[in-house]
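Here are my notes on the model, as numbered points. Have a look at the structure first, then read on.

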Amino acid sequence: MIFFDLGPWLKVALVLCFLGSAAALTVLLYNSPATLLLYLFIGQPLLLLGLVLYLANVWKDLVRHKVFQGRQKRS
Amino acid sequence: MTEIVFFTWVGVGAAALLMLFCFVVLLFPLPLPNLDWLKGFLLAVLGISPLVVLLFGTGVSFETSKTVEFCTSCHVMESRVRDMKDPQSESLASIHYKNRYIREDQCFTCHTDYSLFGDEKAKMNGLRHVYANIFKEIKEPIQLYKPYNTSNCLHCHGESKKFLEAPTHLAIMEDLRTGGTSCLDCHGPAHTPGTAEAAP
């Protein structure tokens, strides 16, 4: 991969985002009491958690790593 | 309604794109060329699309849960909605429906208090109803949490000429405004689900 390795936490983030999006897709295409509950209480938390995990990975791998490397080169 | 259709399809597009991307990256993690635009694209897909899905998913699901069709999806509501849509029915709900006094989202409009957090309160109660419909047994006849709020009727009728000039209303105006007398005392019942069930 170009800027992130598929580490275990990123894999988890992707799986969570996949499941959360599936729940969102269901409620968007057919809103019923069951799909609404599924999305609000399962899909939404999964999607949020996936996003947080992904952003944490990006922060770790992309920003901190590259900024640190850049400062090393300049010094 | 057009906006809702647009927002729905934006949400559907973002969710489908995110699912496809997660699926491809997880199952086929092929090395990709190290291009700036590709990095930006991947970052955007995974960083922005969950936000779009969350925003549009929540907004659209709440908005579409205002519709009569959504209310009818709970079995316990079917007889009430059938009565409301019955042209022969003389219930208050039916009179409002057949004369198009309320053009859309009829259930939500009458059962939501007109206050700062009226919508939010109605949605929280609605969530409890959805939960009860799926996981609990609902006892008939269903009842409101509290007596029907007269100010909901007065929100539309309160300043109308017909209402203000009716001698009966003038005599009890203060009582009506404070909620001492309910509109339903004279104009009820709001729903006659039994009649609709008996009708062929």
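This is a predicted model: local features need pLDDT of at least 70, side-chain atom pairs count only at pLDDT 80 or more; totals for chains, interfaces and linings use all residues.

1. B:Lys161 and B:Glu165 sit 4 residues apart in helix H9 (residues 161-165) of chain B, so about one helical turn separates them. The two form a salt bridge, with the closest N and O atoms 3.5 Å apart. B:Lys161 is exposed at 61% relative accessibility, and B:Glu165 is exposed too, at 53%.

2. Another salt bridge joins B:Glu140 to B:Arg80, at 3.7 Å between the closest N and O atoms. This one links distant parts of the chain, 60 residues apart: B:Glu140 is in the loop between helix H7 (118-135) and helix H8 (150-157) of chain B, while B:Arg80 belongs to helix H4 (residues 78-85) of chain B. B:Glu140 is exposed at 52%, whereas B:Arg80 counts as buried at 14%.

3. Then there's B:Lys66 with B:Glu63, a salt bridge at 3.4 Å, N to O. B:Lys66 is buried, with 14% relative accessibility; B:Glu63 is partly exposed at 32%.

4. How many salt bridges are there over all chains? The count is 5, but between chain A and chain B it is 0.

5. On to the interface itself. Chain A and chain B bury about 3,300 Å² between them, and 85% of that is on carbon and sulfur atoms. The contact involves 33 residues from chain A and 45 residues from chain B, with 5 residue pairs in polar contact across it. H2(A) gives the largest share of chain A's side, 15 residues. By class, that side has 27 nonpolar, 4 polar and 2 charged residues.

Conventions: Residues are numbered from 1 along each chain as its sequence is written. Chains are lettered from A and ligands numbered from 1 in the order in which they are written. Side-chain values use heavy atoms; hydrogens and water are left out. Contact means heavy atoms within 4.5 Å. Buried area is the accessible area (1.4 Å probe) that two parts lose on being put together, summed over both. A salt bridge is a side-chain nitrogen of Lys or Arg within 4 Å of a carboxyl oxygen of Asp or Glu. A polar contact is a pair of N or O atoms within 3.5 Å; within protein, one must be able to donate a hydrogen and the other to accept it, and residues adjacent in sequence count only if both atoms are side-chain atoms. Helices (H or I, at least four residues) and strands (E, at least two) are DSSP runs, numbered from the N terminus. Ala, Val, Leu, Ile, Met, Phe, Trp, Tyr, Cys and Pro count as nonpolar, Asp, Glu, Lys and Arg as charged, and the others, Gly among them, as polar. Buried means under 20% relative accessible area, exposed over 50%, partly exposed in between (1.4 Å probe, protein chains only).
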